[in-house]
Amino acid sequence: MPELPEVETIKKDLEKYILGRSIKKIEVNKPRIIKQPSPERFKQELKGKTFRRIVRRGKYLIFHLSSRKFLIIHLRLTGQLIYGEKDSKNRLNLLLSNNKYLNLNSRRMLTEARLVDDWKKISGITRLGYEPLSQAFSLDVFRQGINKKKKNIKAVLMDQTFIAGVGNIYSQEALFWAKIDPRRQACSLNKQEIKRLHTVLKKILRDAVKCRGSSTSTYTDARGKKGSFHSRLKVYGRKGQACLCCGRPLKKVVIEGRTTCFCPKCQK
Ligand SMILES: [Zn+2]
């Protein structure tokens, strides 16, 4: 699933291509992905609007449109937002004023699009926690949050109501770099471990943004190109392969339904 670095890359790309463009025509090929309002009203209300600004919050993209409307897109597992020529296989195609298209693609039908008057009232967004690359996500708030949690640390890192935008890939990588076993209870982490984890989490996310994300499965940027951070992943998807630090085979556990790889020797 695209996480913070991937969604941020798409956002930055689209800022270059679609801001100031208006929407001439809307083709909805799969009405199921339109969650709000009805697909008919969605088309009527979106037509003629201009893209003013793009904001990312967690894994959500919020497109500020003219007439105080907001298009909200969550790519979920396999969604792609691609600017360029029309692709009729896509779920949703928007024809822009420069005769290029913004195509929303999704192999699975979990991707969601909404058109709303107030994006801050969408339930998934109101519940989001800290943006991990913001100043507000300080060591203090991380420590306080972690001390309160009675779940394992991997689940805490992926909890969108605490930290927005971190998912299965970057939580595993951060725990490897911080040398912490993903199964540990969050409240069992000592001060040093919390500080280490806070530092590496921010660093990994920043590095992944610079590398335009990780293309571990279907993720591409807004021009259909892959990111390059997956070649730097240390544990994600490497079950049974040698730990890049000690050489022993990496193990796999399932935490809250998600496969998690780690090194039993390096991560304590
Ligand atoms: Zn190791």
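Me: Which strands does helix α1 lie across?
Reply: This is a predicted model, in which local features need pLDDT of at least 70, side-chain atom pairs count only at pLDDT 80 or more, and totals for chains, interfaces and linings use all residues. Residues are numbered from 1 along each chain as its sequence is written. Helices (H or I, at least four residues) and strands (E, at least two) are DSSP runs, numbered from the N terminus. Helix α1 covers residues 4-18 and lies across β6, β7 and β8.

Me: At what angle does helix α1 run to β6?
Reply: Axes are lines fitted to C-alpha atoms, for helices over the stretch in contact, and angles run from 0 to 180 degrees between N-to-C directions. Contact puts two C-beta atoms, placed from the backbone, within 7 Å. For α1 against β6 the angle is about 25°.

Me: What is the strand order in the open sheet of 4 strands?
Reply: Two strands pair if DSSP finds at least two bridges between them. The pairing here is antiparallel. β1 (residues 23-28) joins β7 (residues 92-96) through 5 bridges.

Me: What is the average twist from one strand to the next?
Reply: From one strand to the next, its twist averages 15°.

Me: Which residue of β8 stands opposite leucine 92?
Reply: Leucine 92 belongs to β7, where it is the bridge partner of valine 28. Towards β8, leucine 92 stands opposite leucine 104.

Me: Which residue in the hairpin of β7 and β8 takes a positive phi?
Reply: The hairpin has 4 residues between the strands. One of its residues has a phi near 65°: asparagine 99.

Me: What is the radius of gyration of the protein chain?
Reply: The chain has 7 helices and 11 strands. The globule rule, 2.2 Å times the number of residues to the power 0.38, is set against a radius taken over C-alpha atoms. For 268 residues the rule gives 18 Å, so the chain is as compact as a globular protein of that length, with a close value of 20 Å.
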